Amino acid sequence: MARHTPIIELRDLRFAWPKQALLLDIAEFTLQPQQRLFLKGPSGSGKTTLLGLLGGVQLPQSGCIKLLGQDLSQLSASARDRFRVDHSGFIFQQFNLLPFLSVLHNVLLPCQFSKLRQQRATARHGSIEEAAQALLLQLGLTESLHHTLAGQLSIGQQQRVAAARALIGQPELVIADEPTSALDADSREAFLHLLFSECAAAKASLLFVSHDQSLAPLFDRSIDLTELNRATRKQEY
Amino acid sequence: MHLLRIALSSLANRRFTALLTVFAIALSMALLLAVERVRTEARASFASTISSTDLIVGARSGSINLLLYSVFRIGNATNNIRWSSFEHFAQHPQVKWAVPLSLGDSHHGYRVLGTSEDYFTHYQYGRKNHLALREGRFFNNQAPFEVVLGAEVADALGYTLGQELVLAHGVAAVSLVKHDDKPFTTVGILARTGTPVDRTLHIALAGMQAIHIDWQHGAPAYGNQKISAEQALQMDLQPKEITAMLIGLKSRMATFALQREINQWSGEPLLAILPGVALQELWSLMGTAEKALFIVSLFVVLTGLIGMLTAILTSLNERRREMAILRSVGARPWHIASLLILEAFSLAFAGILAGLAFLYLAIALVQGPLQSHYGLYLAFSAPTLYEWQLLGAVLAAGVLMGAVPAWRAYRQSLADGLNIRL
């Protein structure tokens, strides 16, 4: 991988759900390594679909979508699944975790589906369990919580577990979809700072999607999806 | 394997439904196995209702009819056979022993069997078991008014030794004509056999003759025609007719020859049957019911499995989030599908194990009563090959059922992707 290969590169991307109007039409979009990008996207702007495309779950009708220089449309469905877990971590709005697994096992999940992340975690911390524990401790989750069921934690704690899970095994990209919307203002910023420092430590880029403009100044860059997406602009006019 | 752990943890999270599902499968499985065991054992025990008797001889009718009235005390003989015929064949050179049977009277719906002391020596059931006494003694051929009760007769009617009882003419449960001028005394009670012997009152042939001695044209005598019990004892109580006879041979090789000889005897129209063959014929008649029972229990198992299918399918929708989370951490659609197959497998497997536990628990509980009341011995044995096959088939059916939700989840997770819906 060349040093300056963008983490995400979209070009002339067009996507529509079957029998529906064009939903996404993006001329160009890039995310550079270790960049923190704020993507403002109100509901209905196609942001969930965009995340699905970035995760390789859907493919665009036309245009190019590259992650780490790899064109996703060149890969088979299962190769995209593998590529997704190898190189990206996801944090969702809330209820991110499997409530019936322990905190530790939730964090370990990506390592169980990705050899690459398992190797990276082991290389850095000795074992995947130690990697998970180190991350959880850095995110302020004390050891006594590691073996409790994830469903028993508070929302704020759950989001930090989700962050640990997204970061374990150092994926190049962390995609966060409104991870702070269920948190109050104070814990929102605290969570963001934790996330930033952990992404920096893991040398991961962060794509942060939210409708809350007030968070935008904290990021390196801020983009409005409604402006990026020509399909919604057309609808508005 | 981590998928199995996820499946089990997810099941533990829904433990109430999961336990109910396992319970339903376990009950149906235990029922299936119990039916299978009981029917195997019932067939074996039925086939050994009478053993070591080579031929049963009665008036010419059908072989099942003869078997029914002579062994099972069901139905009636169409005709009697002459005492002289009995003597003729009892003295046959091939015959080792012969026991006369005389039927036709009853007591509170239980049949009365007039026979000789030899009956207790030669009648065998099961794996060559002889009749045994629980209390008292066998009757004496010379004492006509003694009765030996079958175990069920004694228990059901609450009779003990020394009990005086009156026999009724005919075999209906409610009898209008009673032999109340000649009461009998209980001298013995037999141990349980699980055969029709338990439901029989045994008296000497002489007793049978005595209670009918003053009867004329099938009706009791009136006034001075009556003969009292004391007077009867002074008279010749040798019967003129009996209902059937059991024959044991010196050599089993002679069975067919003697059977043919009896059937073709010109002295009286007789029928000789091989009890084993007739029992098989009779069982094949009842085999349909046995098969029906088995099929019903198969359907119960199917119901249990469909219950499992319903439980998994209804859980699918509320678990879309679970699936999406798994997809986001790299699970491929076939992982999601195998998760559900594993879930079905775990439920079916746990159900089968619990079913086996229920079966053995049930055997432990009913083994004693079943043995003493019905003569059915349910062994505490490991599952037979056939039972293992049944268990395997049910497990396979469970996994096959799991393919339905697995397929749905597969489609669903392809459509949903990382999209989490509440």
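Q170(A) counts as partly exposed because it has 18 C-beta neighbours inside 10 Å. The classes are set by counts of other C-beta atoms within 10 Å of a residue's own: 20 or more is buried, 12 or fewer is exposed, and partly exposed lies in between, with C-beta atoms placed from the backbone. Q170(A) sits in the loop between α6 and β7 of chain A. Its phi is positive, about 45 degrees, although Q170(A) is not a glycine.

This is a predicted model, in which local features need pLDDT of at least 70, side-chain atom pairs count only at pLDDT 80 or more, and totals for chains, interfaces and linings use all residues. Residues are numbered from 1 along each chain as its sequence is written, while chains are lettered from A and ligands numbered from 1 in the order in which they are written.

Helices (H or I, at least four residues) and strands (E, at least two) are DSSP runs, numbered from the N terminus. Two strands pair if DSSP finds at least two bridges between them. In general, strands of a sheet pair through backbone hydrogen bonds, either parallel or antiparallel.

Chain A has an open sheet of 5 strands with parallel pairing. The order is β6-β7-β8-β3-β9. Which strands stand at the edges? They are β6 (88–91) and β9 (221–224) of chain A. Each has a single partner strand, so one side of each is left without a neighbour in the sheet. From one strand to the next, the twist averages 15 degrees. Axes are lines fitted to C-alpha atoms, for helices over the stretch in contact, and angles run from 0 to 180 degrees between N-to-C directions.

Strand β3 (residues 36–40) of chain A pairs with β9(A) in the parallel sense, over 4 bridges. Here F38(A) stands opposite S222(A) in β9(A). Helix α6 (residues 155–167) of chain A packs on the sheet. This helix touches β6 and β7 (173–177) of chain A, and its direction makes about 170 degrees with that of β6(A). Contact between two residues requires their C-beta atoms, placed from the backbone, to lie within 7 Å.

## Antiparallel pairs around β1

Strand β1(A) has antiparallel pairings too. R14(A) stands opposite D25(A) in β2(A). With β4(A), β1(A) pairs in the antiparallel sense over 5 bridges. There, K66(A) in β4(A) is the bridge partner of E9(A).

D12(A) is also found in strand β1 of chain A. D12(A) is not a glycine, yet has a positive phi of about 50 degrees. Is this residue buried or exposed? D12(A) counts as exposed, with 12 C-beta neighbours inside 10 Å.

## A mostly covered helix

Helix α1 (residues 47–54) of chain A is mostly covered, with 6 of its 8 residues buried. The buried residues are K47(A), T49(A), L50(A), L51(A), L53(A) and L54(A). What covers them includes β1 (8–15), β2 (24–31), β4 (62–67), β7, β8 (205–210) and α8 (225–228) of chain A. Just after α1(A), G56(A) takes a positive phi of about 75 degrees.

## Chain B and its domains

Chain B has 13 helices and 15 strands. Its radius of gyration is 32 Å, well over the 22 Å that the globule rule gives for 422 residues, so chain B is more spread out than a compact globule. This radius is taken over C-alpha atoms, and the rule is 2.2 Å times the number of residues to the power 0.38. The C-alpha atoms of chain B fill a box of roughly 105 × 45 × 35 Å, taken along the principal axes. Buried residues make up 39% of the 422 residues.

Chain B is divided into domain 1 (2–46 + 286–416) and domain 2 (55–273). These bounds come from an automatic or database domain assignment. The C-alpha centres of the two domains lie 52 Å apart. Their contact takes 5 residues from domain 1 of chain B and 5 residues from domain 2 of chain B.

## Where the chains meet

The contact between the chains takes 18 residues from chain B and 25 residues from chain A. On the chain B side, α1 (2–13) and α11 (320–328) each supply at least two residues. Helix α1(B) gives the most, with 6 residues.
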